[in-house]
Amino acid sequence: MNKIEAIVRKYIIHHNLFKSRGRYIVALSGGADSVALLLILQQLGVSVSAAHCNFHLRGEESERDEQFCVNLCERLGITLHRIHFDTQFYACQHKVSIEMAARDLRYRYFAQLAKDIEADGICVAHHRDDNVETVILNLLRGSGVDGLAGIAPKNGNILRPLLCISRQDILDYLQLQGQDYVTDSTNLEDDALRNRIRHHVIPLLETINPAAKENIDQTAKYLRQAKTMLEGLMNHDRADAGVKDSCNEGSADDHVICLQKQPILKAPSPEFMLHSELGKYGFHGDVIGDIYESLVAKDGGVGKLWKNGSYMVAIDRNQLLVTALADLDIIQSERPFRLPEEGNYNLGKSLKIKLHCYPRTADFTPSKSSHLITLDADKVSFPLTYRLCEKGDRFYPFGMKGSKLVSDYLTDRKRNVVQKMGQHVITDSQGEIVWLVGERTSDRSKITDQTQIILEIELVQNNEKQ
(Lines give C-alpha, C1' and ligand atoms only; values in the text may rest on other atoms or scores of the structure.)
Protein backbone atom coordinates (compact mmCIF):
# COMPACT_ATOMS: atom_id res chain seq x y z
CA MET A 1 0.00 0.00 0.00
CA ASN A 2 1.53 3.33 -1.07
CA LYS A 3 1.25 6.69 0.69
CA ILE A 4 -1.85 7.95 -1.18
CA GLU A 5 -3.75 4.69 -0.64
CA ALA A 6 -2.86 4.82 3.06
CA ILE A 7 -4.17 8.39 3.38
CA VAL A 8 -7.45 7.48 1.66
CA ARG A 9 -7.82 4.32 3.77
CA LYS A 10 -7.40 6.34 6.97
CA TYR A 11 -9.98 8.91 5.74
CA ILE A 12 -12.47 6.15 4.90
CA ILE A 13 -12.11 4.62 8.37
CA HIS A 14 -12.31 8.00 10.12
CA HIS A 15 -15.59 8.90 8.40
CA ASN A 16 -16.96 5.34 8.43
CA LEU A 17 -17.71 5.53 4.72
CA PHE A 18 -17.87 1.81 3.85
CA LYS A 19 -19.43 -1.32 5.29
CA SER A 20 -17.09 -4.27 5.74
CA ARG A 21 -18.87 -6.37 3.11
CA GLY A 22 -20.56 -3.60 1.18
CA ARG A 23 -20.84 -3.25 -2.58
CA TYR A 24 -20.23 0.12 -4.18
CA ILE A 25 -20.53 1.94 -7.49
CA VAL A 26 -17.77 4.24 -8.73
CA ALA A 27 -18.93 7.11 -10.96
CA LEU A 28 -16.38 6.75 -13.76
CA SER A 29 -15.98 9.54 -16.32
CA GLY A 30 -12.55 8.47 -17.55
CA GLY A 31 -10.91 11.59 -16.14
CA ALA A 32 -7.92 11.48 -13.80
CA ASP A 33 -10.00 11.85 -10.60
CA SER A 34 -12.47 9.04 -11.21
CA VAL A 35 -9.80 6.71 -12.64
CA ALA A 36 -7.67 7.21 -9.51
CA LEU A 37 -10.72 6.59 -7.31
CA LEU A 38 -11.45 3.30 -9.08
CA LEU A 39 -7.86 2.10 -8.79
CA ILE A 40 -7.45 3.11 -5.14
CA LEU A 41 -10.68 1.45 -4.01
CA GLN A 42 -9.81 -1.72 -5.88
CA GLN A 43 -6.36 -1.74 -4.26
CA LEU A 44 -7.98 -1.27 -0.83
CA GLY A 45 -10.14 -4.35 -1.42
CA VAL A 46 -13.48 -2.55 -1.73
CA SER A 47 -16.05 -4.43 -3.83
CA VAL A 48 -16.75 -2.04 -6.68
CA SER A 49 -18.42 -1.80 -10.07
CA ALA A 50 -18.30 1.28 -12.28
CA ALA A 51 -20.94 3.43 -13.96
CA HIS A 52 -20.36 5.72 -16.95
CA CYS A 53 -22.77 8.36 -18.28
CA ASN A 54 -22.48 9.48 -21.89
CA PHE A 55 -24.18 12.89 -22.06
CA HIS A 56 -23.49 13.35 -25.81
CA LEU A 57 -22.32 16.93 -25.31
CA ARG A 58 -18.81 16.82 -26.78
CA GLY A 59 -19.17 14.85 -29.99
CA GLU A 60 -16.30 12.42 -30.62
CA GLU A 61 -14.80 13.24 -27.23
CA SER A 62 -17.84 11.74 -25.51
CA GLU A 63 -17.45 8.51 -27.51
CA ARG A 64 -13.72 8.46 -26.75
CA ASP A 65 -14.37 8.76 -23.01
CA GLU A 66 -16.88 5.91 -23.02
CA GLN A 67 -14.56 3.60 -24.93
CA PHE A 68 -11.71 4.43 -22.56
CA CYS A 69 -13.90 3.39 -19.60
CA VAL A 70 -14.87 0.15 -21.35
CA ASN A 71 -11.21 -0.73 -21.99
CA LEU A 72 -10.12 0.22 -18.45
CA CYS A 73 -12.79 -1.86 -16.74
CA GLU A 74 -12.12 -4.85 -18.98
CA ARG A 75 -8.42 -4.70 -18.05
CA LEU A 76 -9.19 -4.36 -14.32
CA GLY A 77 -11.90 -7.02 -14.36
CA ILE A 78 -14.51 -4.57 -13.09
CA THR A 79 -18.15 -4.58 -14.20
CA LEU A 80 -19.09 -1.39 -16.07
CA HIS A 81 -22.65 -0.07 -16.32
CA ARG A 82 -23.30 2.42 -19.11
CA ILE A 83 -26.11 4.80 -20.02
CA HIS A 84 -26.68 7.38 -22.76
CA PHE A 85 -28.55 10.67 -22.28
CA ASP A 86 -29.99 13.30 -24.61
CA THR A 87 -28.89 16.05 -22.24
CA GLN A 88 -29.73 18.94 -24.55
CA PHE A 89 -33.32 17.75 -24.87
CA TYR A 90 -33.67 17.26 -21.10
CA ALA A 91 -32.29 20.75 -20.40
CA CYS A 92 -34.70 22.31 -22.90
CA GLN A 93 -37.68 20.31 -21.68
CA HIS A 94 -37.07 21.14 -18.00
CA LYS A 95 -35.78 24.68 -18.65
CA VAL A 96 -32.51 24.17 -16.77
CA SER A 97 -28.86 24.71 -17.65
CA ILE A 98 -26.84 21.98 -19.35
CA GLU A 99 -24.79 21.58 -16.16
CA MET A 100 -27.90 21.16 -14.02
CA ALA A 101 -29.45 18.78 -16.55
CA ALA A 102 -26.34 16.58 -16.55
CA ARG A 103 -26.27 16.59 -12.76
CA ASP A 104 -29.95 15.66 -12.46
CA LEU A 105 -29.65 12.86 -15.01
CA ARG A 106 -26.43 11.51 -13.51
CA TYR A 107 -27.59 11.31 -9.90
CA ARG A 108 -31.02 10.02 -10.82
CA TYR A 109 -29.38 7.21 -12.78
CA PHE A 110 -26.92 6.42 -9.98
CA ALA A 111 -29.75 6.21 -7.45
CA GLN A 112 -31.74 3.82 -9.64
CA LEU A 113 -28.68 1.71 -10.46
CA ALA A 114 -27.75 1.41 -6.79
CA LYS A 115 -31.26 0.19 -6.08
CA ASP A 116 -31.25 -2.25 -9.00
CA ILE A 117 -27.95 -3.94 -8.11
CA GLU A 118 -28.39 -3.51 -4.34
CA ALA A 119 -25.27 -1.37 -3.97
CA ASP A 120 -24.58 0.26 -0.61
CA GLY A 121 -23.38 3.57 -2.02
CA ILE A 122 -22.14 5.62 -4.97
CA CYS A 123 -18.53 6.84 -4.84
CA VAL A 124 -17.70 10.10 -6.59
CA ALA A 125 -14.22 11.54 -7.07
CA HIS A 126 -14.40 14.99 -5.53
CA HIS A 127 -11.01 15.87 -4.05
CA ARG A 128 -9.57 18.60 -1.84
CA ASP A 129 -9.15 21.11 -4.68
CA ASP A 130 -12.82 20.66 -5.63
CA ASN A 131 -13.72 21.43 -2.04
CA VAL A 132 -11.61 24.60 -2.03
CA GLU A 133 -13.24 25.78 -5.29
CA THR A 134 -16.70 25.08 -3.83
CA VAL A 135 -15.96 27.09 -0.70
CA ILE A 136 -14.76 30.06 -2.78
CA LEU A 137 -17.80 29.79 -5.07
CA ASN A 138 -20.15 29.78 -2.09
CA LEU A 139 -18.28 32.68 -0.49
CA LEU A 140 -18.82 34.71 -3.67
CA ARG A 141 -22.52 33.82 -3.59
CA GLY A 142 -22.91 35.05 -0.03
CA SER A 143 -23.55 31.59 1.36
CA GLY A 144 -23.98 30.80 5.04
CA VAL A 145 -22.35 28.12 7.17
CA ASP A 146 -23.69 25.28 5.00
CA GLY A 147 -21.99 26.62 1.89
CA LEU A 148 -18.72 27.55 3.59
CA ALA A 149 -18.51 24.08 5.16
CA GLY A 150 -17.80 22.83 1.65
CA ILE A 151 -18.35 19.31 0.37
CA ALA A 152 -19.28 16.64 2.91
CA PRO A 153 -17.53 13.24 2.85
CA LYS A 154 -20.93 11.57 2.94
CA ASN A 155 -24.34 12.76 1.80
CA GLY A 156 -26.90 9.99 2.01
CA ASN A 157 -25.46 7.19 -0.11
CA ILE A 158 -23.12 9.53 -2.03
CA LEU A 159 -19.57 8.93 -0.78
CA ARG A 160 -16.45 11.01 -1.42
CA PRO A 161 -13.33 9.10 -0.32
CA LEU A 162 -10.83 11.41 -2.07
CA LEU A 163 -11.59 14.66 -0.24
CA CYS A 164 -8.43 14.08 1.79
CA ILE A 165 -6.05 14.37 -1.19
CA SER A 166 -5.32 17.03 -3.79
CA ARG A 167 -5.51 17.03 -7.56
CA GLN A 168 -1.71 16.89 -7.68
CA ASP A 169 -1.75 13.85 -5.38
CA ILE A 170 -4.08 12.17 -7.86
CA LEU A 171 -1.86 12.97 -10.85
CA ASP A 172 1.23 11.74 -8.98
CA TYR A 173 -0.58 8.53 -8.04
CA LEU A 174 -1.62 7.82 -11.63
CA GLN A 175 1.89 8.49 -12.87
CA LEU A 176 3.28 6.07 -10.29
CA GLN A 177 0.77 3.45 -11.41
CA GLY A 178 1.55 4.07 -15.10
CA GLN A 179 -2.16 4.69 -15.66
CA ASP A 180 -3.40 7.08 -18.33
CA TYR A 181 -6.73 8.92 -18.42
CA VAL A 182 -8.79 11.20 -20.65
CA THR A 183 -9.15 14.96 -20.39
CA ASP A 184 -12.45 16.82 -20.75
CA SER A 185 -11.54 19.79 -22.97
CA THR A 186 -14.30 21.94 -21.43
CA ASN A 187 -12.40 21.88 -18.12
CA LEU A 188 -9.60 23.81 -19.82
CA GLU A 189 -11.89 26.68 -20.84
CA ASP A 190 -12.73 29.76 -18.78
CA ASP A 191 -16.45 29.83 -19.62
CA ALA A 192 -17.57 28.39 -16.28
CA LEU A 193 -17.03 30.34 -13.06
CA ARG A 194 -15.51 27.30 -11.36
CA ASN A 195 -12.89 27.07 -14.11
CA ARG A 196 -11.98 30.75 -13.71
CA ILE A 197 -11.54 30.22 -9.98
CA ARG A 198 -9.38 27.16 -10.67
CA HIS A 199 -7.23 28.79 -13.36
CA HIS A 200 -6.90 32.33 -12.01
CA VAL A 201 -8.19 32.99 -8.48
CA ILE A 202 -6.51 30.10 -6.66
CA PRO A 203 -3.10 30.61 -8.32
CA LEU A 204 -3.31 34.29 -7.30
CA LEU A 205 -4.13 33.31 -3.71
CA GLU A 206 -1.14 30.98 -3.71
CA THR A 207 1.16 33.88 -4.60
CA ILE A 208 -0.05 35.50 -1.37
CA ASN A 209 0.15 32.32 0.68
CA PRO A 210 1.49 29.07 -0.84
CA ALA A 211 -0.64 27.12 1.64
CA ALA A 212 -3.86 28.88 0.58
CA LYS A 213 -5.63 25.72 -0.60
CA GLU A 214 -4.66 23.70 2.47
CA ASN A 215 -5.79 26.50 4.79
CA ILE A 216 -9.13 27.00 3.02
CA ASP A 217 -9.75 23.26 3.16
CA GLN A 218 -8.89 23.23 6.87
CA THR A 219 -11.25 26.14 7.52
CA ALA A 220 -14.03 24.24 5.72
CA LYS A 221 -13.30 21.25 7.95
CA TYR A 222 -13.68 23.41 11.09
CA LEU A 223 -16.92 24.84 9.71
CA ARG A 224 -18.27 21.34 9.02
CA GLN A 225 -17.59 20.49 12.66
CA ALA A 226 -19.32 23.70 13.77
CA LYS A 227 -22.19 22.90 11.40
CA THR A 228 -22.63 19.51 13.08
CA MET A 229 -22.80 21.19 16.47
CA LEU A 230 -25.24 23.81 15.18
CA GLU A 231 -27.46 21.19 13.58
CA GLY A 232 -27.91 19.53 16.96
CA LEU A 233 -29.05 22.84 18.44
CA MET A 234 -31.10 23.68 15.37
CA ASN A 235 -33.06 20.42 15.53
CA HIS A 236 -34.23 21.47 18.98
CA ASP A 237 -34.97 25.04 17.91
CA ARG A 238 -36.64 23.79 14.72
CA ALA A 239 -39.17 21.84 16.75
CA ASP A 240 -39.73 24.88 18.98
CA ALA A 241 -40.22 26.99 15.87
CA GLY A 242 -43.08 24.78 14.77
CA VAL A 243 -41.44 23.87 11.47
CA LYS A 244 -43.63 21.33 9.70
CA ASP A 245 -43.19 19.44 6.46
CA SER A 246 -46.77 20.37 5.68
CA CYS A 247 -49.26 22.87 7.06
CA ASN A 248 -52.20 20.51 6.96
CA GLU A 249 -51.22 16.91 6.26
CA GLY A 250 -53.64 15.15 3.98
CA SER A 251 -55.07 18.41 2.65
CA ALA A 252 -54.60 20.02 -0.75
CA ASP A 253 -51.74 22.14 0.54
CA ASP A 254 -49.82 19.37 2.28
CA HIS A 255 -46.74 20.24 0.20
CA VAL A 256 -46.40 23.65 1.91
CA ILE A 257 -43.64 24.04 4.52
CA CYS A 258 -44.66 26.09 7.57
CA LEU A 259 -42.43 28.03 9.99
CA GLN A 260 -44.00 29.76 12.96
CA LYS A 261 -42.87 33.40 13.25
CA GLN A 262 -42.68 33.98 16.99
CA PRO A 263 -40.32 31.10 17.87
CA ILE A 264 -38.03 32.21 15.03
CA LEU A 265 -37.97 35.78 16.31
CA LYS A 266 -37.24 34.54 19.84
CA ALA A 267 -34.30 32.40 18.71
CA PRO A 268 -30.77 33.57 19.74
CA SER A 269 -30.15 34.39 16.06
CA PRO A 270 -33.37 34.66 14.03
CA GLU A 271 -31.46 35.40 10.81
CA PHE A 272 -29.31 32.31 11.26
CA MET A 273 -32.42 30.19 11.71
CA LEU A 274 -33.91 31.75 8.56
CA HIS A 275 -30.67 31.03 6.67
CA SER A 276 -30.72 27.43 7.88
CA GLU A 277 -34.35 26.79 6.97
CA LEU A 278 -34.77 28.89 3.83
CA GLY A 279 -31.30 28.19 2.47
CA LYS A 280 -32.51 24.68 1.66
CA TYR A 281 -34.81 26.28 -0.90
CA GLY A 282 -32.26 28.65 -2.44
CA PHE A 283 -32.92 31.80 -0.39
CA HIS A 284 -29.70 33.49 0.76
CA GLY A 285 -27.98 36.79 1.50
CA ASP A 286 -29.95 40.00 1.15
CA VAL A 287 -33.23 38.13 0.69
CA ILE A 288 -32.91 36.62 4.18
CA GLY A 289 -32.17 40.08 5.56
CA ASP A 290 -35.24 41.48 3.81
CA ILE A 291 -37.45 38.68 5.15
CA TYR A 292 -36.17 39.29 8.68
CA GLU A 293 -36.77 43.06 8.44
CA SER A 294 -40.30 42.36 7.22
CA LEU A 295 -40.97 40.00 10.13
CA VAL A 296 -39.97 42.64 12.71
CA ALA A 297 -41.86 45.47 10.98
CA LYS A 298 -45.01 46.86 12.63
CA ASP A 299 -47.33 44.98 10.27
CA GLY A 300 -45.23 41.80 10.53
CA GLY A 301 -44.80 41.79 6.75
CA VAL A 302 -48.12 39.99 6.27
CA GLY A 303 -48.79 39.42 2.58
CA LYS A 304 -45.20 39.94 1.42
CA LEU A 305 -43.65 37.23 -0.68
CA TRP A 306 -40.32 36.40 -2.33
CA LYS A 307 -39.59 34.13 -5.27
CA ASN A 308 -36.47 32.55 -6.72
CA GLY A 309 -36.26 30.17 -9.66
CA SER A 310 -37.93 27.29 -7.84
CA TYR A 311 -39.67 28.40 -4.64
CA MET A 312 -41.81 31.08 -3.06
CA VAL A 313 -41.68 32.30 0.55
CA ALA A 314 -44.70 34.19 1.89
CA ILE A 315 -45.49 35.80 5.24
CA ASP A 316 -48.97 34.80 6.32
CA ARG A 317 -50.22 36.10 9.67
CA ASN A 318 -48.18 34.20 12.28
CA GLN A 319 -46.19 31.95 9.97
CA LEU A 320 -43.83 31.75 7.01
CA LEU A 321 -44.88 29.51 4.13
CA VAL A 322 -42.57 27.89 1.59
CA THR A 323 -43.96 26.24 -1.52
CA ALA A 324 -42.63 25.09 -4.88
CA LEU A 325 -43.35 27.45 -7.76
CA ALA A 326 -44.06 24.44 -9.96
CA ASP A 327 -47.04 23.60 -7.73
CA LEU A 328 -48.27 27.19 -7.86
CA ASP A 329 -47.73 27.40 -11.62
CA ILE A 330 -49.97 24.38 -12.11
CA ILE A 331 -52.68 26.03 -10.04
CA GLN A 332 -52.33 29.49 -11.53
CA SER A 333 -52.27 28.20 -15.12
CA GLU A 334 -55.74 26.69 -14.76
CA ARG A 335 -58.38 28.17 -17.04
CA PRO A 336 -62.07 28.56 -16.19
CA PHE A 337 -64.00 25.37 -16.96
CA ARG A 338 -67.50 25.77 -18.44
CA LEU A 339 -70.26 23.43 -17.24
CA PRO A 340 -73.15 24.00 -19.69
CA GLU A 341 -75.62 21.43 -18.32
CA GLU A 342 -76.11 18.39 -16.10
CA GLY A 343 -73.54 15.62 -16.50
CA ASN A 344 -70.07 14.46 -15.49
CA TYR A 345 -67.00 16.55 -16.36
CA ASN A 346 -63.30 15.72 -16.02
CA LEU A 347 -61.35 18.66 -14.59
CA GLY A 348 -57.84 17.52 -15.52
CA LYS A 349 -56.42 14.11 -14.66
CA SER A 350 -57.35 13.85 -11.02
CA LEU A 351 -60.68 15.59 -10.53
CA LYS A 352 -64.21 15.07 -11.79
CA ILE A 353 -67.32 17.18 -11.19
CA LYS A 354 -70.82 15.75 -11.28
CA LEU A 355 -73.97 17.85 -11.80
CA HIS A 356 -77.34 16.20 -11.22
CA CYS A 357 -80.89 17.58 -10.88
CA TYR A 358 -83.74 15.60 -9.31
CA PRO A 359 -87.16 16.23 -7.72
CA ARG A 360 -87.20 16.86 -4.00
CA THR A 361 -88.69 14.01 -1.98
CA ALA A 362 -90.27 14.01 1.45
CA ASP A 363 -87.25 12.33 3.04
CA PHE A 364 -84.69 14.65 1.41
CA THR A 365 -81.87 15.89 3.66
CA PRO A 366 -79.49 18.66 2.52
CA SER A 367 -75.86 17.57 2.17
CA LYS A 368 -73.41 18.54 4.90
CA SER A 369 -70.35 17.24 3.03
CA SER A 370 -67.53 19.57 1.99
CA HIS A 371 -67.23 17.95 -1.46
CA LEU A 372 -70.97 17.52 -2.22
CA ILE A 373 -73.53 20.30 -2.06
CA THR A 374 -77.28 20.56 -2.68
CA LEU A 375 -78.88 23.76 -3.98
CA ASP A 376 -82.28 24.97 -5.17
CA ALA A 377 -82.04 24.26 -8.92
CA ASP A 378 -84.51 27.04 -9.78
CA LYS A 379 -82.18 29.61 -8.18
CA VAL A 380 -79.13 28.57 -10.21
CA SER A 381 -78.90 29.35 -13.91
CA PHE A 382 -76.72 27.41 -16.38
CA PRO A 383 -74.07 27.48 -17.70
CA LEU A 384 -71.95 27.20 -14.58
CA THR A 385 -68.24 27.97 -14.44
CA TYR A 386 -65.56 26.33 -12.30
CA ARG A 387 -62.64 28.72 -11.82
CA LEU A 388 -60.02 30.08 -9.46
CA CYS A 389 -61.03 32.81 -7.08
CA GLU A 390 -60.26 36.31 -8.39
CA LYS A 391 -59.42 39.55 -6.62
CA GLY A 392 -62.60 41.36 -5.59
CA ASP A 393 -64.83 38.26 -5.67
CA ARG A 394 -67.81 38.54 -3.32
CA PHE A 395 -70.48 36.04 -2.35
CA TYR A 396 -73.39 35.60 0.05
CA PRO A 397 -72.23 33.00 2.61
CA PHE A 398 -74.91 30.51 3.62
CA GLY A 399 -76.54 31.48 6.93
CA MET A 400 -75.15 35.04 6.88
CA LYS A 401 -76.76 38.36 6.05
CA GLY A 402 -75.33 40.30 3.16
CA SER A 403 -72.26 39.67 1.02
CA LYS A 404 -68.61 39.24 1.96
CA LEU A 405 -65.33 39.44 0.09
CA VAL A 406 -64.08 35.93 -0.51
CA SER A 407 -60.59 37.00 0.61
CA ASP A 408 -62.02 38.26 3.93
CA TYR A 409 -64.03 35.11 4.40
CA LEU A 410 -60.94 32.95 3.85
CA THR A 411 -58.93 35.12 6.23
CA ASP A 412 -61.61 34.66 8.89
CA ARG A 413 -61.34 30.92 8.24
CA LYS A 414 -57.57 31.21 8.82
CA ARG A 415 -56.72 30.05 5.33
CA ASN A 416 -53.13 30.83 4.36
CA VAL A 417 -51.95 32.66 1.27
CA VAL A 418 -51.18 29.47 -0.67
CA GLN A 419 -54.62 28.06 0.09
CA LYS A 420 -56.14 31.33 -1.10
CA MET A 421 -54.21 31.12 -4.37
CA GLY A 422 -55.68 27.67 -4.99
CA GLN A 423 -59.25 28.44 -3.91
CA HIS A 424 -61.91 27.62 -6.51
CA VAL A 425 -65.45 28.87 -6.94
CA ILE A 426 -68.43 27.83 -9.04
CA THR A 427 -70.43 30.67 -10.57
CA ASP A 428 -73.73 30.72 -12.43
CA SER A 429 -74.56 32.34 -15.78
CA GLN A 430 -74.74 35.76 -14.10
CA GLY A 431 -71.28 35.36 -12.62
CA GLU A 432 -72.64 35.02 -9.08
CA ILE A 433 -70.78 32.59 -6.83
CA VAL A 434 -73.01 29.68 -5.85
CA TRP A 435 -70.25 27.69 -4.13
CA LEU A 436 -66.96 28.64 -2.57
CA VAL A 437 -65.68 25.15 -3.28
CA GLY A 438 -65.00 23.05 -0.22
CA GLU A 439 -66.01 25.95 2.05
CA ARG A 440 -69.54 27.32 1.81
CA THR A 441 -72.51 27.64 -0.52
CA SER A 442 -74.39 30.82 -1.37
CA ASP A 443 -77.30 31.81 0.84
CA ARG A 444 -79.11 32.96 -2.29
CA SER A 445 -79.17 29.40 -3.67
CA LYS A 446 -80.16 27.68 -0.46
CA ILE A 447 -82.93 25.12 -0.22
CA THR A 448 -86.17 26.31 1.40
CA ASP A 449 -89.63 24.84 2.03
CA GLN A 450 -90.62 26.01 -1.46
CA THR A 451 -87.76 24.17 -3.23
CA GLN A 452 -89.03 21.56 -5.68
CA ILE A 453 -85.93 20.61 -7.73
CA ILE A 454 -82.53 19.84 -6.19
CA LEU A 455 -79.25 20.61 -7.94
CA GLU A 456 -76.50 18.34 -6.60
CA ILE A 457 -72.87 19.24 -7.31
CA GLU A 458 -70.15 16.78 -6.34
CA LEU A 459 -66.36 16.88 -6.68
CA VAL A 460 -64.80 13.41 -7.03
CA GLN A 461 -61.17 12.33 -7.14
CA ASN A 462 -60.79 10.22 -10.28
CA ASN A 463 -58.74 7.63 -8.43
CA GLU A 464 -61.54 6.97 -6.02
CA LYS A 465 -64.11 4.24 -6.54
CA GLN A 466 -67.25 5.75 -7.93
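Which residues does Thr 374 touch, not counting residues up to four places away in sequence? In this predicted model, select Thr 374 together with Tyr 358, Phe 364, Pro 366, Ser 367, Ile 447, Ile 454, Leu 455 and Glu 456, which are the residues it touches under that condition. Thr 374 lies in strand β14 (residues 372-376). Its relative accessible area is 12%, under the 20% limit, and Thr 374 is therefore buried.

Proceed to the largest nonpolar core, which has 39 residues. Select Phe 18, Leu 28, Leu 38 and Leu 41, the members that touch the most other members. The largest share, 8 residues, comes from α2.

Centre the view on Leu 28. Neighbours within four places in sequence aside, Leu 28 is in contact with Ser 34, Val 35, Leu 38, Ala 50, Ala 51, His 52, Cys 69, Leu 72, Cys 73 and Leu 80. Another core, of 21 residues, lies apart from the largest one; among its members are Phe 55, Leu 105, Tyr 107 and Leu 113.

Finally, select helices α6 (residues 128-140) and α9 (residues 193-208), whose axes come within 10 Å and cross at roughly 100 degrees. This angle makes α6 roughly perpendicular to α9. Residues making the contact include Ile 136 and Leu 137 of α6 and Ile 197 and Ile 202 of α9. By class, the contact residues divide into 8 nonpolar, 1 polar and 4 charged.

Notes. Residues are numbered from 1 along each chain as its sequence is written. This is a predicted model: local features need pLDDT of at least 70, side-chain atom pairs count only at pLDDT 80 or more; totals for chains, interfaces and linings use all residues. Side-chain values use heavy atoms; hydrogens and water are left out. A nonpolar core is a set of buried Ala, Val, Leu, Ile, Met, Phe, Trp, Tyr and Cys residues joined through side-chain atoms within 4.5 Å. Buried means under 20% relative accessible area, exposed over 50%, partly exposed in between (1.4 Å probe, protein chains only). Helices (H or I, at least four residues) and strands (E, at least two) are DSSP runs, numbered from the N terminus. Contact means heavy atoms within 4.5 Å. Axes are lines fitted to C-alpha atoms, for helices over the stretch in contact, and angles run from 0 to 180 degrees between N-to-C directions. Angles under 35 degrees count as roughly parallel, over 145 as roughly antiparallel, 65 to 115 as roughly perpendicular and the rest as oblique. Ala, Val, Leu, Ile, Met, Phe, Trp, Tyr, Cys and Pro count as nonpolar, Asp, Glu, Lys and Arg as charged, and the others, Gly among them, as polar.
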